[in-house]
Amino acid sequence: MTTTPSGQDLAALKGRTVPVQDILDLFQVRVRDHRTVHRISQALTDAGLTTLPDFAVCGQRSNVDVVPLASIPAQAGPSEAEEDETEEALPSAALPQRLLLGDIPSARRGLVSVGPGTPLAQTTFLMRTKGIAQVPVTTGMAQIHGVVTWGSVAKMYEAGKHPTLDNAMEKDSLPVADARQEFFSALPIIREHGYLLVRGDDGCLSGIVTAADVTDRFEGAARPFFIVGEIESLLRRCLGAALDEETVKAVQTNKKPEHRTGQVSDLMFGDYLRLLDGDQTKTSLAERADANWEALKWPSMPREQFIGRLKRVKDIRNRIAHFDEKALPQELLDELMTFAKLLRAFVA
């Protein structure tokens, strides 16, 4: 549930530098999407405020300056095509400027640990039933005595040592890092050990990042981009084979006439809709779109449903362009995969 703070609460932000998370908390927003971003932006505008840089494209741990809207130089209103280009582009400001270990969910999720006096059999039973491969041995989650792993247990038996927790622990050169450490600098450690213990801001263990966590995180972030990339490639192959340069130039209204290439490879995602959507508000483009659809020669493709799906893909594309901390919901990923499969069947 979201809420709109009072005008007094918003006015209190004026002239301050605050974390993006504080703004989201003020509106009781957990995830930024097109609806919540619009709601917050509108409330700030109504209060005569804005943020520099734009809170919508910063990392949630980034700071923004809350400034009077009047202090920002007025700009000419964008055309319909320019609005679409702004929405679709991937400027550097839309990407996370720095990924920290603490940005990986498992680094702050907590972890299972045992005390120094725990029997080894109880520890390995815990590992089996919890499905975990590493258990730190700690006192109060602050002092780390060692880590029990399946590898360290195997080494103990290979060395013929008595099966105790102390003999089964890895004790030297333990992989431990601070949550504020840059994520990519920690990758070699995770690759070497298979895991990395993470300390939170209070110095206590806050979580553990394993090789599997890294895979999951980047599969969730990267897979939608590759599917959207395939969709764009398939659309361009279809459109490029069916439409001539003048037809393509007609939708490149975000460029000066001399810079309109007529090449489908230079189109923005919204241009695909302008080429094919017969219900768009601009009459001249809508009429051209009817002819363009006929040129595709897809008699068995229901046009209305296809355009509806294409609009959904555009919305999902804009969402993933901002690298939300949460992975794309499975139902949205399924929509992308379904549309990609549909296009593959129609592309020669």
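**Entry 1: a buried helix**

I started with helix H11, where Phe269, Gly270, Asp271, Tyr272, Leu273, Arg274, Leu275 and Leu276 are buried (buried means under 20% relative accessible area, exposed over 50%, partly exposed in between, with a 1.4 Å probe and protein chains only). Eight of the eight residues of H11 are buried, so the rest of the structure largely encloses this helix.

A note to myself on the source: this is a predicted model, in which local features need pLDDT of at least 70 and side-chain atom pairs count only at pLDDT 80 or more, while totals for chains, interfaces and linings use all residues. Residues are numbered from 1 along each chain as its sequence is written, and side-chain values use heavy atoms, with hydrogens and water left out.

**Entry 2: H11 with H13**

I looked up how H11 (residues 269-276) lies against H13 (residues 303-320): their axes come within 10 Å and cross at roughly 165°. That makes H11 roughly antiparallel to H13 (under 35 degrees counts as roughly parallel, over 145 as roughly antiparallel, 65 to 115 as roughly perpendicular and the rest as oblique). Axes here are lines fitted to C-alpha atoms, for helices over the stretch in contact, and angles run from 0 to 180 degrees between N-to-C directions.

Which residues of H11 meet H13? I found Phe269, Gly270, Tyr272, Leu273 and Leu276 on the H11 side. Their partners in H13 include Phe306, Ile307, Leu310 and Val313. Contact means heavy atoms within 4.5 Å.

**Entry 3: H11 with H12**

Next I turned to H12 (residues 283-296), which packs against H11 at an angle of about 90°, with the axes 6 Å apart. That makes H11 roughly perpendicular to H12. From H11, Arg274, Leu275 and Leu276 meet Leu285, Ala289, Asn292, Trp293 and Leu296 in H12. I see Leu276 in the contacts with H13 and also in those with H12.

**Entry 4: the whole chain**

I then stepped back and found 14 helices and nine strands in the chain (DSSP runs numbered from the N terminus, helices being H or I with at least four residues, strands E with at least two). The chain has 348 residues, and 40% of them count as buried. Of the contacts between residues at least 6 apart in sequence, 57% join residues at least 24 apart.

**Entry 5: cysteines**

How many disulfides does the structure hold? I found zero (a disulfide is a pair of cysteine sulfur atoms within 2.5 Å). Cys204 is partly exposed, at 21% relative accessible area, and Cys238 counts as buried at 10%.
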